[in-house]
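Open the model in your viewer and keep the sequence panel beside it. The stops below are given in the order in which to select them.

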Amino acid sequence: MVLYVRQSATVDALWPVKRVAVTDPQIADVQVLTPKQILVMGKAVGSTDLVLWGEGEQARRIRLDVELDLRRLQEELTRLFPQGRLEVSQSQGVLVVKGLLSRVENAAELNKYFEALGVKYVNMTSVAGVQQVMIQVRVAEVSRTALRELGINAFHTGRSFFGTSTVGSSSGGAINPISIGPLKGTLNAPNIPFNFTQDVAVSPSITLFGGFPKADLEIFLQALAENEYMRVLAEPNLMALSGEEADSLAGGQYPIPVVQGSTTGGGSSITIEYKEFGVRLRFRPTVLGDGTIRLYVAPEVSELSEVGAVQIQGFQIPSVTSRKAESTLELKSGQTFAMAGLLKSTVSGRSSRVPCLGDLPILGPLFRSVSYQRGETELVIIVMPTLVEPMSQTQLPPLPGVQHSDPCDWELYCCGKLQSHQPPKLSAADAAWFQKMGFGSLNTTALPAVRRTGEA
């Protein structure tokens, strides 16, 4: 007798039944409806025996084979996974599922479905589509800074009077003056010019300075209008298999001194650790089968900067300016997504003045130091994943540097050119390939144009 899992059937006895039994209750269950009618229910795939005993102890043994209803199961899988193409079969009590699924999540849902059925199964399905993903990331940043500063310091020295006006600059301190004055012993001599009295350098904050020797007066002026523009564009490309993580770095490492502790002589030892910087791209794609890609991506662009650098025991450790983002996206192959954006605008100003004197209508600027700074930063990070397949040799793009041709002595020494205007020559391998492909009779006058455009 053949039963299907989770289905029942009745058995008609030839005589009144006194008792019944199933040799393996895990495979099937039995229930007496009437003395001559027995209900049998399939529970799991397998085989067992149903034994019936009558009032005269006569016995009847029935073989029960519990199987899966493959036709009904096929209809159920078609309803649950309409975009997939699945086929089910049974081999020695084990269910075998083959075919294509449209999404990776469908494989997990399929496993849960069979586990709920309580059957042994082998999942031999695969996800449709190409499983290799290439990601193109563009990090674009534009930064603009405008600065306006004005500060005046004045010094007066003499035998009967000395005085100064040193108003704080935009950084909070006074302008560092230059030690200028008459030489020692010549204070009362007429028409003696000012000289540098100490071996000091001119402060970078001072833009103009001068003096009047006859009046023993020195004036230092800080007047600066500065505009700064910076543009950063990075376009890293990387490829990975579905479900695998890829990582690339185009940059370098800079050393950081680390104090390890005291030595036997009472000093301290210093070791060097390296920190990476540059253009880094890390991503992990998951192909969902219907042209959709679930993408974890973490791009980062960093560069060394002297702003914020520190000095430790003679070592200068630079700071790092970084732009990075980390996110998980889901999009179709070839679609573009702006995963991060930033618009930053800052305005700062400072005015330092001598009380009362700095508020005078005309002479007030002599006793004031003002600074006004405005900055704008725009940043956007765009990602585009694409399903790709390997290329043939004829589809390889031109490599960087293939168009370079070394200059001759005349071009290098006399013209100062680092690259020849002549087209680069074909290598022996390239020449053999051109001959094999039937391009041996090409017009040589057309080769420079071909090489410049990279169409070979």
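A nonpolar core here is a set of buried Ala, Val, Leu, Ile, Met, Phe, Trp, Tyr and Cys residues joined through side-chain atoms within 4.5 Å. Buried means under 20% relative accessible area, exposed over 50%, and partly exposed in between, with a 1.4 Å probe and protein chains only. The model is predicted: local features need pLDDT of at least 70 and side-chain atom pairs count only at pLDDT 80 or more, while totals for chains, interfaces and linings use all residues. Residues are numbered from 1 along each chain as its sequence is written, and side-chain values use heavy atoms, with hydrogens and water left out.

Start with the whole protein. It has 5 helices and 24 strands; helices (H or I, at least four residues) and strands (E, at least two) are DSSP runs, numbered from the N terminus. Of its 456 residues, 28% are buried.

Next, select Leu 50, Leu 73, Leu 77 and Phe 114. In the largest nonpolar core, which has 32 residues, these four touch the most other members. Helix α2 (residues 104-117) supplies the largest share of this core, 4 residues. Now centre on Phe 114 and show its contacts (heavy atoms within 4.5 Å). Beyond its neighbours within four places in sequence, Phe 114 is in contact with Leu 73, Leu 77, Leu 95, Val 97, Val 119 and Tyr 121. A second, separate core has 23 residues, including Val 137, Val 139, Phe 283 and Leu 331.

Move to strand β5 (residues 37-42). Two strands pair if DSSP finds at least two bridges between them. β5 pairs with β2 in the antiparallel sense over 5 bridges, and in this pairing Asp 12 stands opposite Gln 37. Strand β4 (residues 28-34) also runs antiparallel to β5, joined to it by 6 bridges. Asp 29 stands opposite Met 41 in β5, and a hairpin joins β4 to β5 through 2 residues.

Two loop residues remain. Which backbone angle is positive in Arg 6, although it is not a glycine? It is phi, at about 65°. Arg 6 is in the loop between β1 (2-4) and β2 (8-12), and it counts as exposed because its relative accessibility is 59%.

Finish at Glu 57, in the loop between β6 (46-54) and β7 (59-67). Its phi is near 65°, again a positive value in a residue other than glycine. Glu 57 has 42% relative accessibility, so it counts as partly exposed.
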